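I have a structure open that is new to me, and these are my notes on what I looked up in it.

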Amino acid sequence: MTNKTAIVIGSGFGGIASAIRLKSMNYDVTLIEKNSDLGGRARTFIRNGYTFDAGPTVITAPYLLEELFSLFKKDISNYVKIIPLKIWYQFIFSDLSKFNYSNNHEENLREISKFNSDDIKGFEKLIKFSEKIFNKGYLELADKPFSKFTFMLKQIPALLILKSYLSVFKLVSKFLKNEKLRKIFSVHPLLVGGNPFSTTSIYTLILFLEKKWGVHYALGGTGKIISSLEKLMNEIGIKIIKNDEVIKITTEKKNVTGVITKNNKIINSEIVICNADPPFVYKYLLDKKQNNFLFETKMKRMDYSMGLFVYYFGSKKKYNNVEHHSIYFGDSYKELLNEIFNKKILNNDISFYLHRPTATDPTMAPHNKDCFYVLVPVPNNLSNINWKQEAERFKKVIIKKLSSTLLPQIEEFIEEDFYITPDYFETELKTLHGSGFSVQPKFSQSAYFRFHNKSEIYKGLYFVGAGTHPGAGIPGVLSSAKILDKIIPRAK
């Protein structure tokens, strides 16, 4: 009979999904969250009638959420309503030209023809190639553990045929000639922490993933999904501890024995699942002396995702012509990303993602008002940027850019606002170097080369979430929890 208890550290999507899956495998599960609310990156901020989703807002592959409810013969529609969006993203360039990317293939082709009609055939070929990558990289491998190098070696011939050695931008450029279209269809890595110019082209599978299942929104915001999952956890008997932080994972030799929390709780278990950032966990919560030379080398060579500056604001004026999801490209692009990822320099010529949930769901703001957040990629904290000094100035840069592009005169209508910087990710979310998405999704940091779902060092220690296989984004972290079904034995 296997040990019947399991501890889950952190309540992001990965942690919550792990707790539910382990409960379905007959474990007594305890979930520990340092904050007073669940969600991690997906928590909710409520300010004066405005509801702000803190982080993930693009819902794809909703079947992964439905599965968590169906494990207990429950119907997700009785908990939260998830609806498809017609326009997935509106892309805007510095000359204010726009591209609406939607669930309608014919309309997408018409949008492409506005930029370069010769790229229509290339786009259709790109989607077909993306489907091949999707079939291999997502359907076949996203929920499989990469614990053994031999398993990785078996995948390499197929990955080479699919040109995984190319970057996303290089692969897209083989199919599309127009520079604006190249930017549009290579932008997805930025939504999961990668530079399109260095992220493995495996991530172009997102193009087909969106085409297959669409882009969705949960009425009430992403936070409504979290509260629905919390309700499910309470119903099925998962113990949830809030306002307490795990400060040490206890081990005996190389076997996990439990955790110690800030409130001096000692909780014993031979199975611990970390939704916390793997590099942070290995550095601060475990005995580093157990790490071998190869693992220490792996830790040192890791490149981390960019940081994020997220500015949340409520507007007294409604901007009805702004879509639910907007992505704006500044004048510079490759140069900007090089400065963010490699040179670690802050640039005022920003590109950004703008979320306007009130385009779909007016309940996210007071009557006749608008709710927004703008997410701006910035260098992570290896930059040594002093955000206490820079943040207010950078906020003004963002407002000025919004006012001159998508939201005219917005500075006159903001009535509620606040922001988070890479410091929030480092101190609150405990991500090493304040990275927004843990380690970058480069080929040399993917699959076997990423942090393993089953710890390389400790027996009984497992990882889910952005820093482990398959990677960041809601489908990625939910799939990482699904991997546990294959590597943790079912309790009797």
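Where is the place of Lys-430? Working from a predicted model, I find Lys-430 in the loop between helix H14 (422-427) and E19. I looked up its backbone and noted that Lys-430 has a positive phi of about 60° although it is not a glycine. Its relative accessible area is 23%, and Lys-430 is therefore partly exposed, since that class lies between the 20% and 50% cut-offs.

I then turned to Asn-384, which is not a glycine and yet has a positive phi of about 60°. Asn-384 sits in the loop between strand E17 (370-378) and helix H13 (387-404), and I count Asn-384 as exposed because its relative accessibility is 67%. As a reminder to myself, most residues other than glycine have a negative phi, and most peptide bonds are trans.

My next entry concerns a peptide bond: His-469 and Pro-470 are joined in cis, with omega at about 5°. I located Pro-470 in the loop between strand E19 (461-463) and helix H15 (474-487).

Is Thr-200 buried or exposed? I found a relative accessible area of 1%, so Thr-200 is buried. Thr-200 belongs to the loop between helix H7 (179-184) and helix H8 (205-213). Setting aside neighbours within four places in sequence, I listed the contacts of Thr-200, among them Ser-164, Leu-166, Val-168, Pro-441 and Phe-443.

Last, I looked at cysteines. Cys-274 counts as buried because its relative accessibility is 0%, and Cys-371 is buried with a relative accessible area of 1%. I also searched the whole structure for disulfides, and the search found zero.

How values were computed:
Residues numbered from 1 in each chain as written. Predicted model: local features only at pLDDT ≥ 70, side-chain atom pairs only at ≥ 80, totals over all residues. Heavy atoms only, no water. Disulfide = S-S within 2.5 Å. Buried < 20%, exposed > 50% of the residue type's maximum accessible area, 1.4 Å probe, protein only. Helix = DSSP H or I, 4+ residues; strand = E, 2+ residues; numbered from the N terminus. Contact = heavy atoms within 4.5 Å.
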